[in-house]
Amino acid sequence: MSRVAIVTGGTRGIGRAICEALHARGYKVAGNYAGNDEAAAKFTAETGIAAYKWDVADYDACQAGVDKVVADLGPVDIIVNNAGITRDGTLMRMSKENWQKVIDTNLGSCFNMAHAVFPSMREREFGRIVNIGSINGQAGQYGQVNYAAAKSGIHGFTKALAQEGARYNITVNAIAPGYIDTDMVAAVPANVLEKIVAKVPVGRLGHADEIARGVMFLVADDATFVTGSTLSINGGQHMY
Ligand code: CAA
């Protein structure tokens with residue numbers, strides 16, 4: 001029996017690497033995305049993995065999106081809440097809109113997706129939920145009160161839901177990536193990024209497949225005793 005997995009924000013960056021790693025191991029994978037149709041088409045053409053479009057910040061859209069995946073692939077065993085955006089800026093310059101958008105997309109999405117799959121996971125007594133947090137949710141980051149708050153919230157969400165899922169063999173874990181060579185990090189001004197990388201003991205940005213590797217460990221059928229944990233994958237930048 002192959003397990004069914006949904007990866008939000010699955011068509012680019014870290015999400016794409018997670019989709020590909022799951023696919024290579026025989027999981028049935030749905031890669032969710034919000035808006036970039038071109039990247040999604042490229043993703044499907046190159047990987048053979050189906051892409052599903054919905055906005056994870058929208059509660060009803062998550063319910064409908066999960067229903068569609070269930071109809072196509074079967075009941076969902078695994079979700080990886082990876083979708084995330086940045087709207088960086090110091091507090092003084094941050095608009096209410098950019099605060100709310102990041103909270104809704106990065107944190108609200110975890111609730112929306114978990115709410116859509118949890119009842120079925122409970123019934124079937126199997127579930128693996130992996131939430132992608134961030135080093136910046138652990139340590140904070142200048143210019144990211146919205147992002148750091150959302151990612152920090154993810155870590156709390158993970159620990160609380162892990163307690164609710166435990167008796168049903170639903171594990172809930174988080175990964176806290178450091179700076180990974182994705183489009184999101186490429187958008188950080190070069191002079192700022194240079195200073196950040198200088199503080200990484202491993203001496204470089206991480207690669208998306210290095211995060212996917214951690215996800216593979218957490219979603220495995222026999223990872224039954226790992227729950228409520230946060231796996232930091234950050235080249236030693238923050239030891240937490
Ligand atoms: N600590 C203290 N002071 C700082 C600072 C820091 N880390 N960074 C900047 N400052 C100071 C500057 O020295 C400057 O001071 P002066 O005016 O006295 O010279 C002042 O703050 C303004 O700095 P900027 O010119 O950088 O301000 P800005 O408004 O142009 O830009 C910013 C602010 C948009 C936040 C910019 O600094 C930035 O993009 N920073 C990067 C934020 C970041 O790391 N984002 C991560 C995105 S990737 C991601 O989030 C993935 C993940 O999970 C890791």
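Start by selecting helix α9, residues 208–219, in this predicted model, where local features need pLDDT of at least 70, side-chain atom pairs count only at pLDDT 80 or more, and totals for chains, interfaces and linings use all residues. Its buried residues pack against α1 (13–24), β4 (78–81), β5 (127–132), β6 (170–177) and β7 (230–233), where helices (H or I, at least four residues) and strands (E, at least two) are DSSP runs numbered from the N terminus. Residues are numbered from 1 along each chain as its sequence is written, and side-chain values use heavy atoms, with hydrogens and water left out.

Now colour A208, I211, A212, G214, V215, M216, L218 and V219, which are the buried residues of α9; buried means under 20% relative accessible area with a 1.4 Å probe, counting protein chains only. The end C-alpha atoms of α9 are 17 Å apart, which agrees with the 16 Å that its twelve residues should span at 1.5 Å a residue, the expected span being 1.5 Å times one less than the number of residues.

Next, select K151 in helix α6 (residues 145–165). K151 touches N106, I132, G133, S134 and G137, leaving aside residues up to four places away in sequence, and contact here means heavy atoms within 4.5 Å.

Finally, select the ligand, which 18 residues surround, the closest being D88, S134, Y142, Y147 and Y179; a residue counts as near if one of its heavy atoms lies within 4 Å. A polar side-chain atom of S134 lies 2.6 Å from an oxygen atom of the ligand, while for R93 such a distance is 3.2 Å.

Notes. Buried < 20%, exposed > 50% of the residue type's maximum accessible area, 1.4 Å probe, protein only. Polar contact = N/O pair within 3.5 Å; in protein donor to acceptor, adjacent residues only side chain to side chain.
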